Amino acid sequence: AGINTGLNLDLKLSSNLFLSIQPSYSQEGTNISYTVKGSSEALDSIKIRLNYFSLPLLIKVSTANKRFYAIGGFEPGILLNSYSMSNDIKKDVDVDVRSWNLTMQFGAGIWIPIGFPRLYVELRYSQGLLNLTNEPVESSIIPRVKTTGFKILAGIEFPLQKSNK
């Protein structure tokens, strides 16, 4: 779990089709369990945290009543920093983590009118397209991995112009 904060700019392509540009800051990460030689069970874990500046470029298709929408596209991201924690001690990640990432995203959302602005709630699935580590698998504590996960996004939209929605 992590924070994702940013801005949305929806450019109208047709009555129900938008290009959504969403510059954002996002926190990503995972927990990795590892075993000690001679033990058959995982004994401890390392928490890996990766912080990105990303620029999702998405297509948003709304229903005729402008309440629900489907969304999909790509999210390139630049790694701002990374760290690992083991036994609550923060230290630098000592593996080669790729400095940029590319994910494909798709999901659905609902707009909730509250007057001129409107709330939105969205569920989005993100699938990484690139391996995040460059080291050979046998010499790395982090295997080759791709980011994947679900995002629950909520926010408030302030249209730049009034419309008949």
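**Exercise 1. Find which residues the ring pairs link into a cluster, and which charges sit over its rings.**

Ring pairs join F18, Y69 and W111 into a cluster. Rings of Phe, Tyr and Trp (its six-membered ring) pair if their centres lie within 6.5 Å. The model is predicted: local features need pLDDT of at least 70, side-chain atom pairs count only at pLDDT 80 or more, and totals for chains, interfaces and linings use all residues. Residues are numbered from 1 along each chain as its sequence is written, and side-chain values use heavy atoms, with hydrogens and water left out.

Next, the charges. K60 lies over the face of Y69, 4.8 Å from the ring centre. R118 lies over the face of W111, at 4.2 Å from the ring centre. The test: NZ of Lys or CZ of Arg within 6 Å of the ring centre and within 35 degrees of the ring normal.

**Exercise 2. Classify the pair F106 and Y125.**

Take the geometry. The ring centres of F106 and Y125 are 5.6 Å apart and the planes meet at 55°, so the pair is tilted. Planes under 30 degrees apart count as stacked, over 60 as edge-to-face, the rest as tilted.

F106 is partly exposed at 45% relative accessibility; Y125 is partly exposed at 23%. Buried means under 20% relative accessible area, exposed over 50%, partly exposed in between (1.4 Å probe, protein chains only).

**Exercise 3. List the residues of the largest nonpolar core.**

The largest nonpolar core has seven residues: I46, I48, L50, Y52, L79, V97 and L132. Such a core is a set of buried Ala, Val, Leu, Ile, Met, Phe, Trp, Tyr and Cys residues joined through side-chain atoms within 4.5 Å.
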